[in-house]
Structures are given as structure tokens and as C-alpha cells.
Amino acid sequence: MEGTPVTVESVREVGPDTVALELETPAEFDALPGQFVLVRAEPDGVDEELARHYTLSSPSVGDTFEITVGIDPDGDLSPWLADLDSGTTIHIDGPFGNITYEGDQNVVAIAGGPGVGPAISIAEAAHAAGQNAVVIYQDDAPAHRERLDVLEDDGAPVTIVEDDADDELVAAIEGHLDEGQVYAFGFAEFVTLVSETIEEAGGDSDEALIENFG
């Protein structure tokens, strides 16, 4: 098995069909919010190593760090990860990625579906650094509601819209576009809509930090 072995400290449900894995931080692992790791595993009954990318969903890396996993019932890796026991070993490579947050500016974090993991990590990191944070999140079954509620209670504007509410998403983006560095995470159709909205609102989508999940 390639990669660095890490221990699974805990697996907890954070939303419908969504879990967060808290992983032991290996030596010399230094990651910033927005970066991702490659998870490697050999689930029982699978004849080959499986590997998937997951973006960090914790605002910092100390003794442990977190990734958020959306569970595909028909998938070959995510259901296995969701059922892991504490103390299990998996392997990772990374961190990877040039989209990062270093605590030095206000942020507008926009998430579609699984993009909520990195978006909330960046928003929490900004808040912890004394910066302002906005979260805009599109999903019919939102994850990390408790963390979003804490941010909102602390004064961060949080907007959650349903999957078919693109007009509400566009209005939220337009209403907060000038309030910080824009980050966006999600699948291709979602981030394309975000880019188009920025341009139509008079902004420059090239200045936004956008991660397309494919």
C-alpha cells in the first residue's frame, strides 16, 4: 500500500449520507484550509487499491485533521470509509492544492454539495483569525449544520439554498460579492454558475479561487 499510514480517530455523522473522518496527523504534515489529500485503501472484497481525493474540512491541522465524505450507496470506497472503526489505519498522500487560506483576509465561501467541507473550514479559519466570513451553500440535504449555526451565531452571514433555487443562489452571491476573497467549491455545473454570476455582477471570475470537483 502506497502513501502515509494514518489512524482513524473517529467517524461521525454530520448530515444526511455524510460523515466526517477525524484522522491522525502524520509527522511533517502541514496543510492549509482549501487543500486536499489522496486517501488510499483496500476495502474487503475489492481486489485493488482504491484512491479518492478529499478536501480538508478542519480549519487547522494539529494532532488531528478532518475530511468530510459524502456517502454514495453504490460507491466502492465511501460506504467503507463511513463504516470504519476508531483505530483503523488508512493511507494518505498530500496535502495537495494551490487554493489555500492563510488567515489574512475576509472571505466569501461558496459551496455546492460536498464543497461545504472546504468552505466551512475556510470560513472558520477566517473567523478565528479575526476576519469576516460569509458562507453561501447550495444543497437539499445540508451537512455540518451545527458548525454553520455556530458561525451564524457569531455574526457570519450564512445562506443555505436548495438545489433547484438557482435564483436564490445568484442573489446571495451578488449580495455578498464585494465582502471578501471569493472561494467556490463544487461540481462543474455549480462552479460554472458561480463564475457566470460573478462576471454578470461586474466582478472578475479569474480573481475568484474556484475548485472544480469534476
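Domain bounds here come from an automatic or database domain assignment. The model is predicted: local features need pLDDT of at least 70, side-chain atom pairs count only at pLDDT 80 or more, and totals for chains, interfaces and linings use all residues. Residues are numbered from 1 along each chain as its sequence is written, and side-chain values use heavy atoms, without hydrogens and water.

**View 1. The chain splits into two domains, domain 1 (4–96) and domain 2 (107–212).** Their centres, taken over C-alpha atoms, are 23 Å apart.

**View 2. Domain 1 meets domain 2 at an interface.** Here 15 residues of domain 1 contact 14 residues of domain 2. Contact means heavy atoms within 4.5 Å. About 950 Å² is buried between the domains, and carbon and sulfur atoms give 64% of that area. Buried area is the accessible area (1.4 Å probe) that two parts lose on being put together, summed over both.

**View 3. One salt bridge crosses the interface of domain 1 and domain 2.** A salt bridge needs a side-chain nitrogen of Lys or Arg within 4 Å of a carboxyl oxygen of Asp or Glu. The side chains of R147 and E66 form a salt bridge, at 2.8 Å from N to O.

**View 4. Strands β1 (4–15), β2 (18–24) and β5 (64–70) each give two or more residues to the side of domain 1 that touches domain 2.** Strands are DSSP runs (E, at least two residues), numbered from the N terminus. The largest share, three residues, comes from β1.

Conventions. Helix = DSSP H or I, 4+ residues; strand = E, 2+ residues; numbered from the N terminus.
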